[in-house]
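Please look through the following notes with the model open beside them. They take up the sheet and then the packing of the helices.

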Amino acid sequence: MKYSGIGGQAVIEGIMMRNGDRYAVGVRKPDGEIEVKTDEYISFPKRHKWAGLPFIRGVFAFADSMILGLKSLTFSASFFEDDEDEGEPGKIELWLEKTFGDKLERVLMTFAMAVSFVLALVIFLWLPLTAAGFMRRFIQSETLVAVLEGVLRIAIFIIYIKLISRTEDIRRTFMYHGAEHKCINCVEHGLPLSVDNVALSSKQHKRCGTSFIFIVMIISILFFMVIRVENPLMKFGVRILLIPVIAGVSYEFLSLAGRCDNPVVNILSKPGMWMQNLTTSEPERDMIEVAIAAVEAVFDWQAYEAENFPDGPDALGQALLKSAAAGGTNADRGGKTVCERAESEAKVS
């Protein structure tokens, strides 16, 4: 797999794709048309060289993805505002507009990020820590308690994803997430970017944010097994202080996994890839069209493939085309997708 440098995020009825400093948000509007907005976003490490140092850049990369993600979500949501809500603004809205003026959107984004961060700390840090502390009455080994805390954190994450995926909006967002991955996989295996080729490609990708979260949870287990504090409040404080360190280490691993095809790295990436089955679903063809529009707005995939695949698709890409030509479907009688069968064939060849 050839590294392309593009990445993205699913938004409301659409996809954001980023390539370097440029990004595009493609949205399928209520009238069925595709709206694509392109803009620039200079990341923190590019503005400050020191922020691009290994094990530090991961923290700022995560912050950049949060900021850009919220901007993209705000844009996509603007097409789906309820007409019934339009009318005279309320007292709170008037006060906010008067107080913050043109800075209102930035203030609201900052507030949303702060609330999300606090909720994440409570749900994924404080809750498993408290539950593991209760189990300490029955378990003497601190190592085992640390492992149990990590397992509880992963279990809470899975339950959380399962619960929110029951809503229609989140279910469709996960389908767009799958379309995003499929587009990137299609390009990085040398296939022409078409709806049919994207549909055949895998909905899993090693650079996915879901994999990053899972890696963070696994590495946190290793850290908390070694760093031990007795006081419950200090335990919680230490875990908060270690978040940047754990995020930095996790980012370096994810970056390595996304750029190389080493067998050991591939094996270590498998659990995170499996977790992506929770946050990605097979997209519809009209969703793939939106993803392609977003990619083409910021990335010259034809020039990329001409440079990196002068002889045509790689082994997996050729196996995909061969499997599709043989009449394969995304879910055949053997229970495997075209991509899964093609991966097996590519490994054999």
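1. Which strands does helix H2 lie across, and at about what angle does it run to E3? Helix H2 (residues 57-77) lies across E1, E2, E3 and E4, and runs at about 35° to E3; helices (H or I, at least four residues) and strands (E, at least two) are DSSP runs numbered from the N terminus. Helix H6 (residues 168-188) packs on the sheet as well, touching E1, E2 and E3 (contact means heavy atoms within 4.5 Å), and its direction makes about 165° with that of E1.

2. This is a predicted model, in which local features need pLDDT of at least 70 and side-chain atom pairs count only at pLDDT 80 or more, while totals for chains, interfaces and linings use all residues. Residues are numbered from 1 along each chain as its sequence is written, and side-chain values use heavy atoms, with hydrogens and water left out.

3. The sheet is open, with 4 strands in the order E1-E2-E3-E4 and antiparallel pairing, where two strands pair if DSSP finds at least two bridges between them. Its edge strands, each pairing on one side only, are E1 (6-11) and E4 (34-40). Strand E2 (residues 14-19) is joined to strand E3 (residues 22-28) by 6 bridges, and Met16 stands opposite Val25 in E3.

4. The axes of helix H5 (residues 142-164) and helix H10 (residues 263-279) come within 9 Å and cross at roughly 30°, the axes being lines fitted to C-alpha atoms, for helices over the stretch in contact, with angles from 0 to 180 degrees between N-to-C directions. H5 and H10 are therefore roughly parallel to each other (angles under 35 degrees count as such). Phe157, Ile158, Ile161 and Lys162 of H5 make the contact with Met275, Leu278 and Thr279 of H10.

How values were computed: Angles under 35 degrees count as roughly parallel, over 145 as roughly antiparallel, 65 to 115 as roughly perpendicular and the rest as oblique.
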